[in-house]
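Please open the model in a viewer and keep the selection tool at hand. The tour below moves from one selection to the next and states what is found at each stop.

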Amino acid sequence: NSTAQKILEIKLENEAAMNSTAQKILEIKLENEAAMKSTVQKIQVQIKFQKEKVMNSTEQKILAMKFENEEAMNNTKVELMNKTDALAGNLVVAEEKLVNEIEGLKLRAKDVLIVSSEEELREPGCARVCAGTTKRGDTAWNDWSGYGVYVFVDISQCGFVTIPTITTSLEATNYHYDSTGVTNIYGLTTTQFYVHVLDSDTQTGSDANSRQWTVDWVAAGFTC
């Protein structure tokens with residue numbers, strides 16, 4: 001009986017100790033849960049604060065970018081307006097130039113009238129009168145086998161596209177009063193022609209240049 005009594009007492013002590021331990025475990029558990037809830041709340045508050053901070057910063061950046069874009073768009077608008085004004089000015093100048101050129105063509109059409117030509121007649125505005133002379137003392141006269149001299153005359157700078165009408169004369173200091181042939185045109189093209197000049201006293205190109213012989217010419221033709 002005494003042993004059973006002791007065992008019972010030990011059992012009751014153990015149960016009491018276990019109940020006390022369980023009570024402590026429960027208290028610790030409750031404390032941990034409260035601490036965890038508090039920590040979670042703090043973390044949630046911090047996360048919310050950081051989110052709001054990030055959002056505010058992002059909104060500020062977006063707002064700043066918006067202002068920058070608006071400023072850039074305004075600058076671009078100003079540049080486009082300036083370029084448009086410049087182009088408008090250039091167009092006005094180009095239009096005035098074109099009008100002047102048209103008026104010039106009209107005047108040329110009135111001043112130059114070709115009524116007949118070796119080829120088909122063109123628009124009156126394409127008619128041109130072009131004149132020139134060979135160089136005194138340095139004309140490219142060629143000997144003509146004892147019959148006189150001849151020379152090729154370049155008219156390429158006139159820009160003719162059809163065979164022009166040519167009028168020529170011989171200009172010199174002397175020895176050309178009885179010469180013949182300078183008005184007879186040979187090998188006429190849009191870029192050149194040549195003439196033979198007969199004279200008993202002028203038999204070589206050197207003779208012709210020493211006497212300042214030159215061919216004066218006037219051509220009328222179409223350039224378009």
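Begin with Tyr 147, which is exposed, its relative accessible area being 55%. Please bear in mind throughout that the model is predicted.

A search of the whole structure finds 5 of them. Select Trp 141 and Trp 213: their ring centres are 6.1 Å apart and their planes stand at 75°, so this pair is edge-to-face. Trp 141 belongs to the loop between strand 1 (127-133) and strand 2 (142-143), while Trp 213 belongs to the loop between helix 2 (205-210) and strand 6 (214-222); the pair therefore ties together parts that are 72 residues apart in sequence. Are these two residues buried or exposed? Trp 141 counts as buried at 8% relative accessibility, and Trp 213 counts as buried at 0%.

Now return to Trp 144 and Tyr 147. Their ring centres lie 5.8 Å apart with the planes at 55°, so the pair is tilted.

The next stop is Thr 214, which is located in strand 6. Thr 214 is buried, with a relative accessible area of 0%. Which side chain does the side chain of Thr 214 meet in a polar contact? The partner is the side chain of Glu 171, at 2.7 Å. Leaving aside neighbours within four places in sequence, the residues in contact with Thr 214 include Trp 141, Thr 133, Arg 136 and Leu 170.

Then select strand 3, residues 149-154. Its covered face consists of Val 149, Val 151 and Val 153, whereas Tyr 150, Phe 152 and Asp 154 make up the uncovered face.

Strand 3 runs antiparallel to strand 2, and 2 bridges join them. Select Asn 142 to see one such place: its bridge partner in strand 3 is Tyr 150. The two strands form a hairpin with 5 residues between them, and Ser 145 in the turn has a positive phi of about 50°.

Strand 3 is also joined by 6 bridges to strand 5 (residues 192-197), again in an antiparallel arrangement. Here Phe 152 has Tyr 194 of strand 5 as its bridge partner.

Finish by selecting Tyr 150, Phe 152, Tyr 186 and Tyr 194 together. These residues form one aromatic cluster, and Tyr 150 and Phe 152 within it come from the uncovered face of strand 3.

Technical notes:
Residues are numbered from 1 along each chain as its sequence is written. This is a predicted model: local features need pLDDT of at least 70, side-chain atom pairs count only at pLDDT 80 or more; totals for chains, interfaces and linings use all residues. Side-chain values use heavy atoms; hydrogens and water are left out. Rings of Phe, Tyr and Trp (its six-membered ring) pair if their centres lie within 6.5 Å; planes under 30 degrees apart count as stacked, over 60 as edge-to-face and the rest as tilted. Helices (H or I, at least four residues) and strands (E, at least two) are DSSP runs, numbered from the N terminus. Buried means under 20% relative accessible area, exposed over 50%, partly exposed in between (1.4 Å probe, protein chains only). A polar contact is a pair of N or O atoms within 3.5 Å; within protein, one must be able to donate a hydrogen and the other to accept it, and residues adjacent in sequence count only if both atoms are side-chain atoms. Contact means heavy atoms within 4.5 Å. Two strands pair if DSSP finds at least two bridges between them.
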